[in-house]
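Visitor: I would like to learn how to read this structure. Where should we begin?

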Amino acid sequence: MPKYTERKEIQLIPIAERYQHIRPKPQLPNFAAIIEGVDLTQPLSEAVKYELRLALLDFEVIFFPPVEISNEQQIELARVFGPISLGAFHQRSGDNPEIEVIENNRERPPEIDHWHTDISWVENPPRGTVIQIREVPPYGGNTVWSSMSKAYEGLSEGFRAYLKNLTATHTWEVSKWREYLEILGDEALIKGVTKFKPVHHKIAKYIPEVDKTVLYVNETFTKRIDDVPENESKYILRFLAEWIKNPEYTYSHRWEKNGIAVWDNRLTQHFAIADFWPHHRQNFRVTFNEGDQQEQLENQNLRAHLA
Ligand SMILES: [Fe+2]
């Protein structure tokens, strides 16, 4: 007789006990929370910043209701979560090189409609991302996030044991970045190839701050599982790429103009739905790093402090 696997009980985060200064409203159990009670046009108190960092760890992706903020205020918001990171190859916003502008219109059709975690092709990928959608199409253009802690937790014990010590190769060269750089010319391509060589990341990545292991491969940048036969790598990656799409792990966010999202790049993957072309959509993005040891320790202790 096949053994029936019991579904695990979910322990919901006790929001009322943990949060005194902000109001997180999760859209799924322990995932994707809309944050109310924060005025992003004003300087944030240390208590609010602290709880925002906690909310990002608790809910993996958080949202703020639409509000007009300046580039500087968006950069300040990113700084709440970590030092600003370099970003990728997108065009920059005027006086603020920290901000990447991802713009789609008739001339530039959207094409980030594939699952990924931002910039997993560097040794130390950014810890997270803040985006504000400054122009929205009349309909569509949702972003979907998938919880990599839920996806990992959902796998059987045997499969998790198989993944435990494996690493995978990540490189931008298997993504569309290669085509972009080819269009820019040989010089850009050679610069990219020389500067950003393939890197290796653990597939089952342990995140100490939340004491959880997450699935860390994505269909956009992961080239292969290291040290297993090529076909095994190919089919396991194909399986994992399907696995993370389970609606139980995913939340689709409908944007309003000036809506804001902050996500943890280690705990989630995302997919930008490209159903709105040729309409205009403009996305201002700032990525942030894990921060120094002191900040990491502080994050690690967040749960203990408020538990
Ligand atoms: Fe992205």
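Guide: Begin with the elements. Helices (at least four residues) and strands (at least two) are DSSP runs, numbered from the N terminus. The model is predicted. Its chain holds nine helices and 16 strands.

Visitor: How compact is the chain?

Guide: Compare the radius of gyration with the globule rule. The radius is 19 Å, close to the 19 Å that the rule gives for 307 residues, so the chain is as compact as a globular protein of that length. Along the principal axes, the C-alpha atoms fill a box of roughly 55 × 55 × 40 Å. Of the 307 residues, 35% count as buried.

Visitor: Among contacts between residues at least 6 apart in sequence, what percentage join residues at least 24 apart?

Guide: The share is 82%.

Visitor: How far can I trust the coordinates?

Guide: Check pLDDT before anything else. Where it is low, the predicted coordinates should not be read in detail. Here the chain has a mean pLDDT of 91, and 92% of its residues reach 70 or more. Residues 303-307 have a pLDDT below 50, and this stretch has two contacts in the model beyond near neighbours in sequence.

Visitor: Which residues is isoleucine 35 in contact with, leaving aside neighbours within four places in sequence?

Guide: The contacts of isoleucine 35 are Ile22, Pro24, Ala55, Ile62, Phe63 and Phe64.

Visitor: Take isoleucine 133. Is it buried or exposed?

Guide: Count C-beta neighbours; 20 or more within 10 Å means buried. Isoleucine 133 has 22 of them inside 10 Å, so this residue is buried. Isoleucine 133 sits in strand 6. Not counting residues up to four places away in sequence, isoleucine 133 touches Trp255, Lys257, Gly259, Arg281 and Asn283. Isoleucine 133 and alanine 261 are 128 residues apart in sequence, yet 8.8 Å apart in space, C-alpha to C-alpha.

Visitor: And glutamate 209: buried or exposed?

Guide: The count works for a loop residue too. Glutamate 209 lies in the loop between strand 10 (204-207) and strand 11 (212-215). Glutamate 209 has 22 other C-beta atoms within 10 Å, so this residue is buried. Phenylalanine 288 is 79 residues from glutamate 209 in sequence and 16 Å from it in space, C-alpha to C-alpha.

Visitor: Let us move to sheets. How do I read one?

Guide: Strands of a sheet pair through backbone hydrogen bonds, either parallel or antiparallel.

Visitor: How many bridges join strand 7 to strand 15?

Guide: Five bridges join strand 7 (residues 143-147) to strand 15, and the two run antiparallel. Valine 144 has phenylalanine 271 of strand 15 as its bridge partner. Serine 146 stands opposite glutamine 269 in strand 15.

Visitor: Why is strand 15 largely enclosed by the rest of the structure?

Guide: Four of the five residues of strand 15 (residues 268-272) are buried, so the strand is largely enclosed.

Visitor: What order does the 9-8-12 sheet's pairing follow, parallel or antiparallel?

Guide: The pairing is antiparallel in this open sheet of three strands. From one strand to the next, the twist averages 35°. Four bridges join strand 8 (residues 167-170) to strand 9. Threonine 167 has lysine 202 in strand 9 as its bridge partner.

Technical notes. Residues numbered from 1 in each chain as written. Predicted model: local features only at pLDDT ≥ 70, side-chain atom pairs only at ≥ 80, totals over all residues. Rg over C-alpha atoms; globule rule 2.2 N^0.38 Å. Buried ≥ 20, exposed ≤ 12 C-beta atoms within 10 Å, placed from the backbone. Contact = placed C-beta atoms within 7 Å. Pairing = 2+ DSSP bridges. pLDDT = per-residue confidence, 0-100. Axes fitted to C-alpha atoms, helices over the stretch in contact; angles between N-to-C directions.
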